[in-house]
Amino acid sequence: GLIKRHFGLHNNTEKLLWILVFAICCVFGFQFLPMVEQEAFYDQSGYDTFYYLRISHKIWDNMRHPILGVFLYPFVKFRYLLDEFLGVPDSRFVIILLFGAIVSYSYLFLFRIVRHNSNGNKLKTWLSMLTFVSMAHVVMQFIACDSFAISMMLILLSLQILYYDNVRS
């Protein structure tokens with residue numbers, strides 16, 4: 001029930017928001033793929049891009065974000081299986097789809113929090129969301145396969161859970 005309550009898409013607005021953000025993230029992610037070598041992700045100055053996801057032991061070397069190894073290990077192994085056993089020459093799309101889903105849930109959690117704080121007022125909710133999206137740094141962090149997306153999703157999920165539990169009791 002907890003997973004369905006927090007990760008489920010409960011109405012058409014939430015479904016539309018999730019699909020729209022996922023599509024935008026995937027379009028930008030796939031747009032950057034031809035610009036880089038297969039062995040690396042695109043590198044943006046100052047961002048923690050995950051070029052090291054090609055080799056599974058490299059994800060454990062990140063001291064700034066120690067939870068990344070735990071979170072990303074299954075996806076790195078899945079990429080390894082695609083590369084080694086199925087012969088898929090370029091499996092970076094797995095990570096792009098993963099980060100597209102992470103960013104989509106981040107926006108969904110933020111949308112729910114803002115909607116509750118604006119007492120369900122649709123205009124205030126959408127204006128607040130557009131204000132958030134208008135910050136270029138946030139958009140760049142979400143487009144880059146960066147630790148920011150994972151951190152933002154987990155923080156917003158925590159806030160959503162704490163907020164809903166506080167409202168219910």
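Which pattern does the chain follow when read along the sequence? The pattern is α-α-α-α-α-α-α, and the chain holds seven helices and zero strands. Here, helices (H or I, at least four residues) and strands (E, at least two) are DSSP runs, numbered from the N terminus. The model is a predicted one, in which local features need pLDDT of at least 70 and side-chain atom pairs count only at pLDDT 80 or more, while totals for chains, interfaces and linings use all residues. Residues are numbered from 1 along each chain as its sequence is written, and side-chain values use heavy atoms, with hydrogens and water left out.

Of the 169 residues in the chain, 42% are buried; buried means under 20% relative accessible area, exposed over 50%, and partly exposed in between (1.4 Å probe, protein chains only). Among the contacts with a separation of 6 or more, 64% are between residues 24 or more positions apart, where contact means heavy atoms within 4.5 Å.

We can now turn to one pair of helices. Helix 4 and helix 5 pack with their axes 9 Å apart, at an angle of about 135 degrees. Axes are lines fitted to C-alpha atoms, for helices over the stretch in contact, and angles run from 0 to 180 degrees between N-to-C directions. The two helices are therefore oblique to each other, given that angles under 35 degrees count as roughly parallel, over 145 as roughly antiparallel, 65 to 115 as roughly perpendicular and the rest as oblique. On the side of helix 4, the contact is made by Y107, L110, F111, V114 and R115; helix 5 brings T125, W126, S128, M129, F132 and V133. By class, this contact has eight nonpolar, two polar and one charged residues (Ala, Val, Leu, Ile, Met, Phe, Trp, Tyr, Cys and Pro count as nonpolar, Asp, Glu, Lys and Arg as charged, and the others, Gly among them, as polar).

The loop that joins these helices is worth a look too. S118 lies in the loop between helix 4 (93–117) and helix 5 (122–133). With a relative accessible area of 11%, S118 is buried. Leaving aside residues up to four places away in sequence, S118 touches K124 and T125. The side chain of S118 also reaches the backbone oxygen of R115 at 3.3 Å.

N119 is found in the loop between helix 4 and helix 5 as well, but N119 is exposed, with a relative accessible area of 72%. Most residues other than glycine have a negative phi. N119, although not a glycine, has a positive phi of about 55 degrees.

Key:
A polar contact is a pair of N or O atoms within 3.5 Å; within protein, one must be able to donate a hydrogen and the other to accept it, and residues adjacent in sequence count only if both atoms are side-chain atoms.
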